[in-house]
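Q: Please take a close look at one chain of this model and at the side it turns to its partner.

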Amino acid sequence: MEPEIKIGPEEALAEDTHAETGEFVHGTSLWRDAWRRLLKNKLAVFGLIVVIVITLASIAGPLVIKRVFGFTPDYIPTNDTQLVRSFPPFKGPNGEFSWKHPMGTDNAGRDQLARVLQGGQISLFVGIIATLVSLIIGVSYGAIAGYVGGRIDDLMMRLVDVLYSLPYVIVVIVLLSMFRSQTPRGQLTLLFVALGSVSWLTMARIVRGQVLSLKNQEFVLAARATGVTAPRIIFRHLVPNTLGPVIVYATLTIPQVMLTEAFLSFLGLGVQAPLASWGSLAADGVQNIAIFPWQLIFPGVTMALTLFSLNFLGDGLRDALDPQMRTT
Amino acid sequence: MLRFIIRRLLVTIPTILVVITITWTLIKLAPGNFYSGEKRLPPAIEKNIREKYGLDKPWYEQYGKTMWSIVRHFDFGTSLRFEGQSVNKIIWRSLPVSAAVGILAYVLALVVGIAVGSIAALKQNSRWDYASMALAMLGISVPNFVLGPILVLVFSLSLYWLPPSRWGGFPSRNLILPVITLSAIYMAYIARLTRAGMLEVLRSDYIRTARAKGLSEKDVLIKHALRGGLMPVVSYTGPALAFLLTGTVVVERIFALPGLGNYFIEASLNRDEPLLIGIVAFIAITLLFMNMLVDIAYAFLDPRVRYQ
């Protein structure tokens with residue numbers, strides 16, 4: 001079941017002349033090949049572009065808004081004559097057309113666009129950090145279990161099985177509500193711990209499966225015969241060969257984690273004001289759905305679009321890197 | 001087979017106890033308690049209440065008592081927030097609400113998902129295939145807490161067709177929006193799983209054999225292909241149950257339904273310890289037993305799966 005991208009002899013030779021060391025010949029061509037296939041997939045390219053645009057907008061947006069209009073995402077206007085609470089999109093204080101609040105303002109008069117962009121920062125950040133944690137813990141855990149094998153492997157994977165069967169969202173909700181932090185930053189840290197601690201399980205399983213099928217191949221035998229130490233075999237020889245499925249799964253983990261974060265923030269357990277995430281903005285918007293529907297629609301649609309693009313990108317990467325792997 | 005069931009039971013029961021223990025530990029480790037909220041009680045009264053609920057005992061005695069009454073009598077004690085009501089009563093009262101929404105949503109997702117997925121697989125690479133898969137991707141990407149309010153906005157607040165919230169008894173128009181909101185993501189997953197499963201099965205040898213021996217196309221598809229193609233959908237039932245539970249939490253809050261999920265959030269925000277432990281234990285038991293049943297059903301359905 002070892003997924004392998006076949007390369008023709010001419011192509012391999014052509015790559016050989018470009019590469020400096022023999023070690024990278026196969027890698028370069030695999031990635032180049034995958035990249036070419038990804039670019040052919042229109043939906044995946046669309047996903048990639050949208051993800052890049054939203055990421056850049058989230059990072060630069062709040063700074064630009066501060067430069068142009070002079071307010072931050074948590075700025076509440078205190079000047080009584082200009083109390084712009086819950087203003088519709090593109091409207092100034094007297095109902096005239098204005099560029100100042102393209103997405104309107106929220107209940108407290110904070111600019112919705114700035115908050116949606118800041119929410120994007122936090123949502124993407126949470127997704128990426130939790131995925132990184134899952135990469136670091138999951139990959140090393142799975143690779144070690146798979147390579148060592150025997151009783152240690154049994155024990156390590158049994159632990160994963162037990163953790164896997166826990167209704168973890170339930171435990172996370174209990175954890176977040178019991179240890180509620182007084183500060184938004186503290187709650188955010190708690191959220192990271194909660195999301196990171198469970199996101200590595202599937203990754204560990206995938207990597208272990210890959211390592212199991214790789215570890216009896218000749219190149220591992222060769223490495224062992226030449227006296228390479230076990231940690232070096234695991235991290236220099238085996239792990240690089242599992243990168244395809246790992247990247248695919250990591251890309252698909254990001255939207256999952258973001259969705260969980262939004263779900264928790266929606267319930268009031270995650271990110272708290274004055275910080276914003278798409279989930280907490282949607283929760284605020286739901287309160288006013290009958291009167292100010294844009295307060296839900298803007299963060300909701302932005303989030304859906306981002307998840308949509310990330311999912312398409314993940315699917316495209318899967319098809320490009322590993323045409324044989326077929327999961328959902 | 002029997003050995004497999006016994007082995008699964010031997011894993012499931014300790015897992016349930018582990019979940020309850022983790023919840024109990026988290027609650028006890030966390031600073032503060034139900035009485036440390038805004039409405040501070042006079043110390044003497046608080047002391048009496050603590051004595052009444054056994055909260056003044058050392059932790060191992062409290063833990064032992066909680067676990068014993070759960071294991072022995074399936075009794076979770078009395079709620080703190082809803083004074084005088086037993087946790088069991090609250091659970092049995094709210095369970096039908098969650099069950100009605102959850103089961104209807106799952107059935108809807110199965111019916112629509114399998115139909116759409118099969119058609120997409122049969123007409124692979126057609127316009128219909130692309131459209132339904134894009135729609136399925138949309139279903140996976142739009143969070144239920146966005147979809148629900150938007151449905152309310154359209155069908156209740158603009159068109160005035162359906163009630164926006166509240167529980168209206170079992171067969172009622174109030175159920176339509178919550179069920180659609182909850183089922184959207186499963187519909188999408190099931191459609192994708194069915195399509196992938198069917199595509200794989202349609203290319204397999206036994207389908208070619210079935211066609212070669214002259215079975216009608218209808219028989220080939222319904223009796224042979226669908227059975228094999230739906231295996232991924234069956235194995236998805238376990239995770240789907242878990243997600244349905246978390247989904248109901250959000251849906252019940254959006255539509256103000258008095259279900260288990262709403263009580264669960266209520267209990268965790270108010271630190272209603274007995275109610276919280278009761279609901280978590282109940283959810284864990286249901287979920288893990290359901291998962292076990294799914295695994296056993298899987299072994300029956302697919303003769304290629306063999307458990308030692």
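What percentage of the 308 residues in chain B is made up of buried residues?

A: This is a predicted model, in which local features need pLDDT of at least 70 and side-chain atom pairs count only at pLDDT 80 or more, while totals for chains, interfaces and linings use all residues. Residues are numbered from 1 along each chain as its sequence is written, and chains are lettered from A and ligands numbered from 1 in the order in which they are written.

Of the 308 residues in chain B, 39% are buried, a residue being buried if 20 or more other C-beta atoms, placed from the backbone, lie within 10 Å of its own. Chain B has twelve helices and zero strands, where helices (H or I, at least four residues) and strands (E, at least two) are DSSP runs numbered from the N terminus. The C-alpha trace of chain B spans about 85 × 60 × 30 Å along its principal axes. Taking as contacts those pairs whose C-beta atoms, placed from the backbone, lie within 7 Å, 75% of the contacts in chain B between residues at least 6 apart in sequence join residues at least 24 apart.

Turning to the partner, 39 residues of chain B are in contact with 33 residues of chain A. On the chain B side, the elements giving two or more residues are α1 (2–29), α5 (127–141), α6 (144–158), α7 (176–202), α10 (231–254), α11 (260–270) and α12 (273–301). By class, this side of chain B has 32 nonpolar, six polar and one charged residues, with Ala, Val, Leu, Ile, Met, Phe, Trp, Tyr, Cys and Pro counted as nonpolar, Asp, Glu, Lys and Arg as charged, and the others, Gly among them, as polar.

Definitions and conventions. Two residues are in contact if their C-beta atoms, placed from the backbone, lie within 7 Å. A residue is buried if 20 or more other C-beta atoms lie within 10 Å of its own, exposed if 12 or fewer, and partly exposed in between; C-beta atoms are placed from the backbone.
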